[in-house]
Amino acid sequence: MSASEIKTSRPGNTKVMNRADMTRRLVACLQHDEAVIGGIGNTNFDLWAAGRRPQNFYMLGSMGLAVPIALGVAIAQPERRVVALEGDGSILMQLGCLATIAMLQQRNLVIVVMDNAMYQVTGAQPSATAFAADIAAIARGAGIANSIWAADEADFEQLLARALVEDGPWLIALRIDGKPAVGQTERDPAQIRDRFMRGLGVKK
Ligand SMILES: Cc1ncc(C[n+]2csc(CCOP(=O)(O)OP(=O)(O)O)c2C)c(N)n1
């Protein structure tokens, strides 16, 4: 699919959705043991609350590393689709990864950015997306042609269904509200790593 076939919706035209709801919808769309990498804080917590799949990795502690970790998994297992969940503050801290992913044209990688226009988990300080930064436009500028705002829940499900079968890389941005996450990930990094490695079939 070419970039010109994608309907782009400006952030102002997109519905404000809810992260926990969108995460549950995302997990419900998965049918092929896709890997999902949750970013620091809320994306992680809502992924945990949406059900503990062995192919989920819950990244703890570092902003902006969900996408680079997902890229590594996507390179290591090219037959598996890999989804990275990231907040706007976190992706803003690691924009260079978008250019790297575009350069590699990583076809099995889908990035979902939950944009609440703030650093919610540390006290709701506004991020640059509360002003003029547009994550989907930034990603397109980095070279990820399939970068788009989801207009609403149904649009997200349709875009995700395509992103899980058509060649990527993809970036789907969602405007979300300021409601807190509905879960809290267990902080046991060694267990998270081991379960994920077993879930990907690389450890007994
Ligand atoms: C490199 C780094 N800088 C700062 C922090 C502190 N910190 C943890 S989460 C967070 C905010 C994350 O914001 P965002 O990714 O937008 O997610 P949200 O909390 O809004 O869901 C900050 C500043 C950190 N963990 N790592």
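**Close-up views of a predicted model**

**View 1. Strand β7 is covered on both faces.** In β7 (residues 146-149), Asn146 and Ile148 on one side and Ser147 and Trp149 on the other are all buried. Buried here means under 20% relative accessible area, exposed means over 50%, and partly exposed is in between (1.4 Å probe, protein chains only). Strands (E, at least two residues) and helices (H or I, at least four) are DSSP runs, numbered from the N terminus. In a regular strand the side chains alternate between the two faces of the sheet.

This is a predicted model, so to speak of local features pLDDT must be at least 70, and side-chain atom pairs count only at pLDDT 80 or more, while totals for chains, interfaces and linings use all residues. Residues are numbered from 1 along each chain as its sequence is written, and side-chain values use heavy atoms, with hydrogens and water left out.

**View 2. β7 runs parallel to β8.** Four bridges join β7 to strand β8 (residues 170-175); two strands pair if DSSP finds at least two bridges between them. Asparagine 146 has tryptophan 170 of β8 as its bridge partner. To get from β7 to β8, the chain passes through helix α7 (residues 153-163), and this β-α-β crossover is right-handed. That is, with the strands pointing away from the viewer, the path from the first strand over the helix to the second runs clockwise. In the loop between α7 and β8 sits proline 169, joined to glycine 168 by a cis peptide bond with omega of about 10°.

**View 3. Helix α1 has a buried face.** In α1 (residues 19-29), the buried residues are Arg19, Ala20, Met22, Thr23, Leu26 and Val27. Seen down the axis of α1, they fall within an arc of 165°, so they line one face of the helix. The arc is that of the directions from the helix axis to the C-beta atoms. These buried residues pack against α2 (42-49), β3 (82-87), β4 (109-115), α7 and β8, where contact means heavy atoms within 4.5 Å. At the start of α1, a side-chain oxygen of asparagine 18 comes to within 3.2 Å of the backbone nitrogen of alanine 20.

**View 4. The ligand is surrounded by 16 residues.** The closest are Gly89, Ser90, Met118, Gln120 and Val121; to be near, a residue needs a heavy atom within 4 Å. A backbone N or O atom of glycine 61 lies 3.0 Å from a ligand nitrogen.

View 5. At 7% relative accessibility, phenylalanine 196 counts as buried. Not counting residues up to four places away in sequence, phenylalanine 196 touches Ala35, Ile37, Pro54, Gln55, Asn56, Phe57 and Val73.

How values were computed:
A polar contact is a pair of N or O atoms within 3.5 Å; within protein, one must be able to donate a hydrogen and the other to accept it, and residues adjacent in sequence count only if both atoms are side-chain atoms.
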